Amino acid sequence: MTPLTIIAKIKAMPGAESKVRQALMQLIPSTITEAGCLNYDLHRFIEDPTLFLFYENWENESFWRQHRNSVHGRTFKADTEGLITVFEVLLMQPEPSNE
């Protein structure tokens, strides 16, 4: 199976960035222990404190789809409802080298 890289872009409403950050941070401990999770790294844009990005690697898409249905994922959605203006997920895979 092909490894999967996820880039998740999350933009908080102005004034809600602290609450969104807290909810994002709460996802990390549960996610990194999930089967198939290779890394789950949160970043914040230097020039815009409302913009966050998760850089994730999964053994395959099946593991990531299980993550998307997790209890902590549903809790995050409920805790941040109305506080996020952009939630974009890019599914990517490694490009084979032409050796």
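Leaving out residues up to four places away in sequence, which residues does Thr80 touch? Select Thr80 and look around: Val20 and Ala23 are the residues it touches, where contact means heavy atoms within 4.5 Å. Thr80 sits in the loop between helix H3 (71-79) and strand E4 (84-92). Helices (H or I, at least four residues) and strands (E, at least two) are DSSP runs, numbered from the N terminus. Thr80 is buried, with a relative accessible area of 4%; buried means under 20%, exposed over 50%, and partly exposed in between (1.4 Å probe, protein chains only).

Before you go on, note that this is a predicted model, in which local features need pLDDT of at least 70, side-chain atom pairs count only at pLDDT 80 or more, and totals for chains, interfaces and linings use all residues. Residues are numbered from 1 along each chain as its sequence is written, and side-chain values use heavy atoms, with hydrogens and water left out.

**Next stop: Leu42**

Select Leu42 in strand E2. Leu42 is partly exposed, at 22% relative accessible area. Setting aside neighbours within four places in sequence, its contacts are Leu24, Met25, Ile28, Phe52, Leu53 and Phe54.

**Then the salt bridges**

Side chains of opposite charge can pair when their charged atoms come close. There are two salt bridges to find (a side-chain nitrogen of Lys or Arg within 4 Å of a carboxyl oxygen of Asp or Glu).

Show Asp48 and Lys11 for one of them: their closest N and O atoms are 2.5 Å apart. This pair links distant parts of the chain, with Asp48 in the loop between strands E2 (37-44) and E3 (51-58) and Lys11 in strand E1 (residues 4-12). Lys11 is partly exposed, at 22% relative accessibility.

Now show Arg65 and Glu61, which form a salt bridge at 2.6 Å, N to O. About one helical turn separates them, because they are four residues apart in helix H2 (residues 61-68).

**Last stop: the largest pocket**

Select Leu27, Tyr40, His67, Arg68 and Phe87, the closest to the pocket's centre of its 16 lining residues. The lining divides into 11 nonpolar, two polar and three charged residues. Among the elements that each supply at least two lining residues are helix H1 (17-31) and strand E4.

Methods: 1 Å grid on protein atoms, 1.4 Å probe; cavity = no way out; pocket = protein on both sides within 12 Å on 5 of 7 lines; lining within 4 Å. Nonpolar A, V, L, I, M, F, W, Y, C, P; charged D, E, K, R; others polar.
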